[in-house]
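Welcome! Let's take a walk through a protein model together, one region at a time.

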Amino acid sequence: MILTAVAIALIVVMAMAIARALLGPTIYDRILAVNLFGTKTVLLIAVVSYIVGRPDFLDVALIYALINFISVIAVLRFFEYGSGKVHDEVGKDA
Amino acid sequence: MADYYNYLIVVLLMVVGLYIVMAQGNLVKKLIGLNIFQTSVFIFYISTAKVSGGTAPIVIEGAELYSNPLPQVLILTAIVVGIATMSLALALVLRIKRAYGSVEEEVILEQDKPC
Amino acid sequence: MPELTTLLSSVCLLLGAFLIFSGGLGVLRFPDFFTRMHAAGVTETMAATLIVLGLMLHSGWGLPLFKLLFILLFVMITGPTASHALAKSALHGGLRPQGDNANNERH
Amino acid sequence: MARARDLFATVMLSGIYGLLSASFFILMDAADVAFTEAAVGAGIFPLLMLTVLSSVGRYEAAGRRVRYFPLLLMAVLAGGLFAAVVQMPPFGAVDAPSHAHVAQRYILDSPDEIGIPNMVTSVLASYRGFDTLGEVVVIFTAAVGVVVILLGCRPKTPQQSTQALMAEHKVLRIVGKMLIPLILLFGLYVQFHGEYGPGGGFQAGVIFAVGIILYAMLFGLSNAQRVVPLGVLRWLVALGVLIYGSVGLASFLVGGEYLNYSVLASDPVTGQHIGIILIELGVGITVASAMVLIFFAFTRATRSRDELEE
C-alpha cells in the first residue's frame with residue numbers, strides 16, 4: 001500500500017522531470033532533468049520489484065544507478081568539449 | 001479499447017518514428033527517428049509476451065504463470081544488434097559529413113547533382 | 001519487533017516520497033537553473049537514501065538486502081558527484097545564479 | 001522530440017526515452033530486456049550520439065517547414081495499423097496464439113532440460129543458440145564495419161584539450177576511479193549470474209564496455225588505449241565469435257548436433273551448463289570489445305575532425 005503510494009509519487013515526479021526536460025531553457029536544465037529522471041527510475045524499479053515481489057529486478061536498478069551517472073558524465077564531457085568551439089574561451093590552447 | 005492501449009502506443013511511436021525518418025532532413029535526426037521506430041517494435045514484441053497475472057520468466061517457487069520468454073529473447077538480442085547497426089550508421093554519417101561537409105539531406109543532394 | 005520494522009520502513013518510505021515530490025515540484029517551478037539544481041540535488045540524495053532504507057527494512061535478510069545496500073552506496077556516491085559536476089560545468093559554461101549581484105565579480 | 005531544432009536536446013530526450021522504455025519493460029515482466037535496454041538505450045546510444053554530434057555540429061539547418069505529404073501518409077498508415085491492432089487478441093490474454101507453440105515447452109520443460117532457472121538465458125543460449133550465433137556475428141561485422149569506415153581518420157595531436165578540461169574535474173576523476181572497479185565487478189557478476197537472475201553475456205558485455213568507456217572519458221583516450229590496446233581489442237572481438245563457434249564445433253565433434261551442448265558432458269544437464277557458460281563468455285567478450293572498439297573509433301574520428309576545423 002505504502003509502496004504503491006511511493007511508486008505513484010515517483011511517477012508523478014518523473015512526469016515533472018520530463019516536463020522540465022521539454023521546457024528546459026538551458027541545456028543544463030535538460031541534463032538536470034535527465035539526471036533526476038534517472039535517479040527516480042532507479043527508485044521506481046526498486047519499489048516496483050517489491051510490489052510485484054521479484055527482488056531479482058534489483059539488478060536492473062543497480063545498473064541504472066551506474067548508467068545514469070555515466071551518462072551525466074558523458075554529457076558534461078562532450079558538452080564542455082563541444083563548447084570549446086562555441087564559446088571559445090575553454091580549452092582553446094590546444 | 002482499454003485492452004489495446006499498449007498497441008495503440010506502439011502504433012503512435014512507429015508512425016512518429018517513420019515520420020521523422022521521412023520528413024526530417026538532418027541525417028542524425030533521421031537516425032533518432034529510426035531508433036524510435038525500432039523501440040516501438042521492441043515494445044510491441046514485449047507487449048505480446050506479457051501474460052496478465054504472470055511473472056518474469058525466471059523460475060521461482062510459488063509461481064505457475066510466466067510471461068512468454070521467446071519474444072524477450074528475440075528483443076534482447078535485437079537491442080544489442082540494433083545498437084551495433086546504429087553505430088555503423090553513425091559511422092557512415094561521420095564519413096558523409098567529412099565528404100560533403102554537411103549532414104543535411106538537401107545540401108548533400110544538391111552536391112550530388114550530375115553536372 | 002516486526003511491527004517496529006514495518007513502522008520504521010513506512011515512515012522512511014513516506015518521508016522519501018514526500019521529499020521526492022517536493023524536489024520534483026522545485027525542479028518544475030523554480031525560476032532559474034541554480035535554484036532548480038538546488039531543489040533536485042538536495043532532495044535527491046536524501047530521498048533516495050530514505051526510500052532505499054525503507055525497502056531494506058521492508059525486505060529482511062538475504063541477497064536483496066545487499067543489492068539494496070549497493071544501490072544505496074552508488075546513489076550516495078554518484079548523486080552528489082553528478083550534482084557537483086553539473087553545477088560546476090554550468091558555472092563554467094557561463095550561467096550565473098539569478099539575483100547574485102553582490103558576488104558576480106568572483107569569476 | 002521531433003520538432004526540437006537543437007540536436008543536443010534531442011539526444012537528451014532520447015536518453016530519457018531509453019530510460020522510459022526500460023521502465024516499461026520492467027512492468028511487462030521482461031527483466032532481461034530491461035537490463036539490456038537500460039545499458040544500451042540509456043547508456044551507449046546517447047554516448048555515441050553525443051560523440052557524433054560533437055563532430056557534426058549541434059544545430060540543424062533552420063527554415064524547415066512541415067511536410068504535408070509524409071504527414072498524410074503517416075495518418076493513413078496509423079489508421080490502418082489501428083484497425084489491424086484491434087483485431088489482435090487483447091493485451092495480456094493467456095490464450096493468445098503467440099503463447100501457444102514453443103513457448104509452452106520453454107516454460108514447462110526448460111528447468112528440467114537445461115537446469116537453469118532463467119528461461120530467457122536458456123532459450124537464448126541453448127534452444128535458439130544458432131540464432132544467437134548469428135546475432136553475435138552481426139555485432140562482430142558491425143564493429144569491423146565501423147572500424148573500416150572510420151579507418152582514414154587519424155588523430156593528429158591526441159588528447160591535450162580534453163585532458164586539460166577533465167583535469168579540472170578532480171572530484172569526478174576520483175569518484176570515477178572508485179566506481180570503475182565496481183562496474184567491472186558488477187559486469188562479471190552479471191556475466192556469471194545470468195543463469196539465475198536477469199543477466200547474461202549481452203548485458204555483461206555492455207556493462208564492461210561502459211566501465212572502460214568511463215575510464216576513457218575521465219582519463220583520456222590515450223590512457224585508455226594503454227590499458228586496452230586496440231590490437232588486443234581486435235583480437236578479442238574475433239575471439240568471442242571464435243569461442244562461440246568452436247563450442248558448437250566441439251559438440252559437433254563429440255557426436256551431437258551443432259550447438260547441442262548436452263553431449264559435452266556425461267550428464268546432459270551438466271553439458272548444457274558448460275555450453276551455456278562458454279557461450280555467454282563468448283558473447284560477453286565480443287559485445288564488450290565491439291562496443292569499446294566502436295567507441296574508440298568514434299572518439300578518434302571526431303577528434304581529428306575537430307582539429308581539421310581549427
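This is a predicted model: local features need pLDDT of at least 70, side-chain atom pairs count only at pLDDT 80 or more; totals for chains, interfaces and linings use all residues.

From the N terminus on, the elements of chain D run α-α-α-α-α-α-α-α-α-α-α-α. Chain D has 310 residues, and 58% of them count as buried.

**A helix of chain D**

Let's pick out helix 11 of chain D, which covers residues 230-254. How far does helix 11 of chain D reach from its first C-alpha to its last? With 25 residues, helix 11 of chain D reaches 36 Å, close to the 36 Å expected at 1.5 Å a residue. Its buried residues include the glycines D:Gly240, D:Gly245 and D:Gly248. Among the buried residues of this helix are also D:Leu230, D:Leu233, D:Val237, D:Val241, D:Ile243, D:Tyr244, D:Val247 and D:Ser251. Just after the helix comes D:Gly255, with a positive phi of about 130°.

**Helices and the glycines that follow them**

| Helix | Glycine after the helix | Phi |
|---|---|---|
| Helix 2 of chain A | A:Gly53 | about 75° |
| Helix 3 of chain B | B:Gly101 | near 75° |
| Helix 11 of chain D | D:Gly255 | about 130° |

The lengths of the helices in chains A and B can be checked as well. Helix 3 of chain B (residues 69-100) has 32 residues and should span 46 Å at 1.5 Å a residue; its end C-alpha atoms are 46 Å apart, so the two values agree. For the 25 residues of helix 2 of chain A, the span should be 36 Å, and the end C-alpha atoms are 35 Å apart, which agrees.

**Two helices packed together in chain A**

Because 24 of its 25 residues are buried, helix 2 of chain A is largely enclosed by the rest of the structure. One of its contacts is with helix 1 of chain A: residues 2-23 form helix 1, residues 27-51 form helix 2, and the two pack at an angle of about 160° with their axes 9 Å apart. Angles over 145 degrees count as roughly antiparallel, so helix 1 of chain A is roughly antiparallel to helix 2 of chain A. Helix 1 of chain A passes helix 2 of chain A in a left-handed crossing. What kinds of residues make up this contact? They divide into 20 nonpolar, two polar and four charged.

**Where chain C meets chain D**

A helix pair can also join two chains. Helix 3 of chain C packs with helix 8 of chain D (residues 170-193) at an angle of about 150°, with their axes 11 Å apart. That makes these two helices roughly antiparallel, and their crossing is left-handed.

**Aromatic pairs**

Over all chains, the structure holds four aromatic pairs. One of them joins C:Phe70 and C:Phe74, a tilted pair at 6.4 Å centre to centre with 50° between the planes. Both belong to helix 3 of chain C (residues 63-92), and because they are four residues apart there, about one helical turn separates them. Is C:Phe74 buried or exposed? C:Phe74 is buried, with a relative accessible area of 2%, whereas C:Phe70, at 37% relative accessibility, counts as partly exposed.

In chain D, the ring centres of D:Phe295 and D:Phe296 lie 6.4 Å apart with their planes at 50°, so this pair is tilted. Here D:Phe295 and D:Phe296 are both buried.

Note on methods
Residues are numbered from 1 along each chain as its sequence is written. Chains are lettered from A and ligands numbered from 1 in the order in which they are written. Side-chain values use heavy atoms; hydrogens and water are left out. Axes are lines fitted to C-alpha atoms, for helices over the stretch in contact, and angles run from 0 to 180 degrees between N-to-C directions. Angles under 35 degrees count as roughly parallel, over 145 as roughly antiparallel, 65 to 115 as roughly perpendicular and the rest as oblique. A crossing is left-handed if the near helix is turned anticlockwise from the far one by less than a right angle, and right-handed if clockwise. Ala, Val, Leu, Ile, Met, Phe, Trp, Tyr, Cys and Pro count as nonpolar, Asp, Glu, Lys and Arg as charged, and the others, Gly among them, as polar. The expected span of a helix is 1.5 Å times one less than its number of residues. Buried means under 20% relative accessible area, exposed over 50%, partly exposed in between (1.4 Å probe, protein chains only). Rings of Phe, Tyr and Trp (its six-membered ring) pair if their centres lie within 6.5 Å; planes under 30 degrees apart count as stacked, over 60 as edge-to-face and the rest as tilted.
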